[in-house]
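I opened this file to note the fold, the sheet and the packing. The entries below follow the order in which I looked things up.

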Amino acid sequence: MSSGYLALEDGTVFPARSVAAPGVAFGEAVFTTAMTGYQETVTDPSFAGQLVTFTAPMIGNYGVDDARLESPQPWVKAVVMRRCGGAEWARWLSSHGIVALEDVDTRKLVLRIRAAGAMRA
């Protein structure tokens, strides 16, 4: 794990820690309020090219399973979480080349996106 950050196009920066694939991701910052279904979300083609923020406090705590895929591949560019709930989830994201950040103040981030509207990150 290494330090990182999420920067919105309006200049707002959120410190974070990288937990999956190394690299940089660019795309539209969006959020989901779902309490479950994190694997379904990242493999849902409707999230293609987006940086998905999960509002649930912990993501990945019930592991990964191919039965939970919406499609054969992840479509998101990045995953943003308050806390990564398991090494298996982080490894799965990394194996698919997905950049993921944890220790992000997701509540503040969601309020910013909701107030300012769609933004690139």
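**Overall size**

I started with the radius of gyration: for 121 residues a compact globule would have a value near 14 Å, and the protein has 13 Å, which agrees. The model is a predicted one. I read the span of the C-alpha trace along the principal axes as about 40 × 30 × 25 Å. The exposed surface comes to about 6,300 Å², with 52% of it supplied by carbon and sulfur atoms. Of the 121 residues, 45% are buried. I also looked at contacts between residues at least 6 apart in sequence, and 66% of these join residues at least 24 apart.

**Fold and sheet**

I noted three helices and seven strands. Along the sequence they follow the pattern β-β-β-α-β-β-α-β-α-β.

In what order do the strands lie in the sheet? I found an open sheet of seven strands, β1-β2-β6-β5-β4-β3-β7, and the pairing is mixed. β1 and β7 (119–120) stand at the edges with a single partner strand each, so one side of each has no neighbour in the sheet.

I then went through two of the pairs. β1 (residues 2–7) and β2 (residues 13–18) are antiparallel, with six bridges. S3 has R17 in β2 as its bridge partner. Five residues lie between the strands of this hairpin, and G11 takes a positive phi near 100°. β3 (residues 28–32) and β4 (residues 50–54) run parallel over five bridges. There T32 stands opposite F54 of β4.

Nonpolar side chains tend to be buried together in soluble globular proteins. I looked up the largest nonpolar core here and found 21 residues, with F54, V79, M81, W89 and L93 having the most contacts inside it. α1 (38–42), β4 and α2 (87–95) are the elements that give two or more residues to this core. The largest share, four residues, comes from α2. A second, separate core has 16 residues, among them A16, A29, V104 and I113.

I listed the contacts of F54, leaving out residues up to four places away in sequence: T32, Y38, T41, V42, I59, V79, V80, M81 and T106.

Is T53 buried or exposed? T53, in strand β4, has a relative accessible area of 1% and is therefore buried. Beyond its neighbours within four places in sequence, T53 is in contact with V30, F31, T32, V80, T106, L109 and V110.

How values were computed
Residues numbered from 1 in each chain as written. Predicted model: local features only at pLDDT ≥ 70, side-chain atom pairs only at ≥ 80, totals over all residues. Heavy atoms only, no water. Pairing = 2+ DSSP bridges. Core = buried A, V, L, I, M, F, W, Y, C linked by side-chain atoms within 4.5 Å. Buried < 20%, exposed > 50% of the residue type's maximum accessible area, 1.4 Å probe, protein only. Contact = heavy atoms within 4.5 Å. Rg over C-alpha atoms; globule rule 2.2 N^0.38 Å. Areas by Shrake-Rupley, 256 points an atom, 1.4 Å probe, with all protein chains shown as cover.
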